[in-house]
Amino acid sequence: MKSKISLIAFFILITSCSIQYKTSESFKMNFNNVDNFWKVYDKTNLENSDDERIKIIEEEYFGQASNGLKILIKLDKLTPSSFNNFIKDTLFFNSIRETTLKIKEDSSKIRNHIKSVEKLYPKARFSDVYFVIGQNFHGGTVRNGKMIIEVQKNAKTEKTKSEIIYNNGFKGMNDYNSLIPLVIHEQIHILQKKGNSNELLSAAISEGGADFVMFLVTNQFPSFIRTTYEYGEKNEFKLWKKFQQDLEKDYNSIRKDWFYNYRRKDIHPDLGYFIGFKICEKFYNESTNKKEALEFLLNIANSKELLEKSKYNGGK
């Protein structure tokens, strides 16, 4: 048993050592999948046969996937068949095409904001970013040391239309101006020391902390969560009391009350982000040495210690 545990630890160490994070100057942004998607999209639209469309997708999109897209395909169990059905909303894809191709032009803006993070926290190291077209399972995610941004989920403008994918409105879709804050949020997750993500307070500190540093750098929230913060500011103490009660409950039973709940209509989504943000904000604002405070926020594994040090009490 002991040798088995040692072997597992060895493989974990090897995996972690193989992930190479980079400086603000050396991290890369990969747009190949977006460019390739539009070639495949145009080609499939010339075909009436689903079999032919699926073959094109399999060979020319999935078959030419970047490392980031390969991870997403495996993570979300994407298939050429399901992807074929997804991209049949031509009204939607035609309306976002110009916006998705604009991202490459804004790469210098993204890098400048990453440099701002590095200025605040010189020890910061960053992941390469893969911009892809997926199937709306993630706005952005970090897996195996690689950041993956689903461009189609972050491309809403006043021109965006849909007859299938978003036939009930654009809830959960990010506007294009929120893309840079999203990239910063996901990069902050790379910097954070991992706590217990299966515990309410740790999850709130992780997500809210990423939002807090993101806001320090960009002075902006992604559009999909702005109403959550507006609601939170008006109901902060009430939410805090509810949060305290839920700290005593099994996390799995209340997780969807606080996180990743955009399908629910009875509550504002991701209120756990707001609570975590306010805890981090209180600690940072009360600290005299901001650089030390930021380093503490990014490296704290004990969320209860941070809560105690912040003396946060629901805005009171």
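Predicted model: local features only at pLDDT ≥ 70, side-chain atom pairs only at ≥ 80, totals over all residues.

Mentor: Let's begin with a definition: helices (H or I, at least four residues) and strands (E, at least two) are DSSP runs, numbered from the N terminus. Residues are numbered from 1 along each chain as its sequence is written, and side-chain values use heavy atoms, with hydrogens and water left out.

Because its relative accessible area is 0%, Gly272 counts as buried (buried means under 20%, exposed over 50%, and partly exposed in between, using a 1.4 Å probe and protein chains only). Setting aside residues up to four places away in sequence, Gly272 touches Ala204, Trp258 and Phe259, where a contact means heavy atoms within 4.5 Å. For a sense of distance, 26 Å separates the C-alpha atoms of Gly272 and Leu72, which are 200 residues apart along the chain.

Now step back into the loop between helix H12 (251-258) and helix H13 (271-286), where we find Tyr262. With 21% relative accessibility, Tyr262 is partly exposed. Beyond its neighbours within four places in sequence, Tyr262 contacts Lys171, Gly172, Phe224, Ile225, Pro269 and Asp270. One of these partners also gives a side-chain link: Tyr262 and Asp270 make a polar contact of 3.2 Å. A polar contact is a pair of N or O atoms within 3.5 Å; within protein, one must be able to donate a hydrogen and the other to accept it, and residues adjacent in sequence count only if both atoms are side-chain atoms. Tyr262 and Tyr251 are 11 residues apart along the chain, and their C-alpha atoms are separated by 18 Å.

The loop between H12 and H13 also holds Tyr260, which is partly exposed at 33% relative accessibility. Look at its backbone: Tyr260 is not a glycine, yet its phi is positive, at about 50°. Most residues other than glycine have a negative phi. Another example is Lys311, a non-glycine with a positive phi of about 60°. Lys311 sits in the segment after helix H15 (303-310) and is exposed, at 65% relative accessible area.

Helix H15 itself contains Leu307, which is buried with a relative accessible area of 17%. Leaving out residues up to four places away in sequence, Leu307 touches Leu201, Trp240, Ile279 and Tyr312.

A nonpolar core is a set of buried Ala, Val, Leu, Ile, Met, Phe, Trp, Tyr and Cys residues joined through side-chain atoms within 4.5 Å. The largest such core has 88 residues, and those touching the most other members are Phe37, Tyr61, Phe93, Phe131, Ile275 and Ile279. Helix H9 gives the most to this core, with 10 residues.

A cavity is a set of points, on a 1 Å grid over the protein atoms alone, where a 1.4 Å probe fits but cannot get out, and lining residues have an atom within 4 Å of a point. Grid points are joined across faces, edges and corners, and a volume is the space filled by probe spheres set on the points. The count comes to one cavity of 30 Å³ or more, and the largest cavity has a volume of about 40 Å³. Its lining consists of Gln192, Ile205, Gly209, Phe212, Val213, Cys280, Leu297 and Leu298. Two elements give two or more residues to this lining: helix H9 (200-218) and helix H14 (290-299). H9 gives the most to the lining of the largest cavity, with four residues.

Last, visit His138 in the loop between strand E2 (129-132) and strand E3 (140-143). His138 counts as buried, at 15% relative accessibility. Its side chain joins that of Asp76 in a polar contact of 2.8 Å. Apart from neighbours within four places in sequence, His138 is in contact with Leu72, Leu75, Asp76, Glu150 and Lys153.

Methods
1 Å grid on protein atoms, 1.4 Å probe; cavity = no way out; pocket = protein on both sides within 12 Å on 5 of 7 lines; lining within 4 Å.
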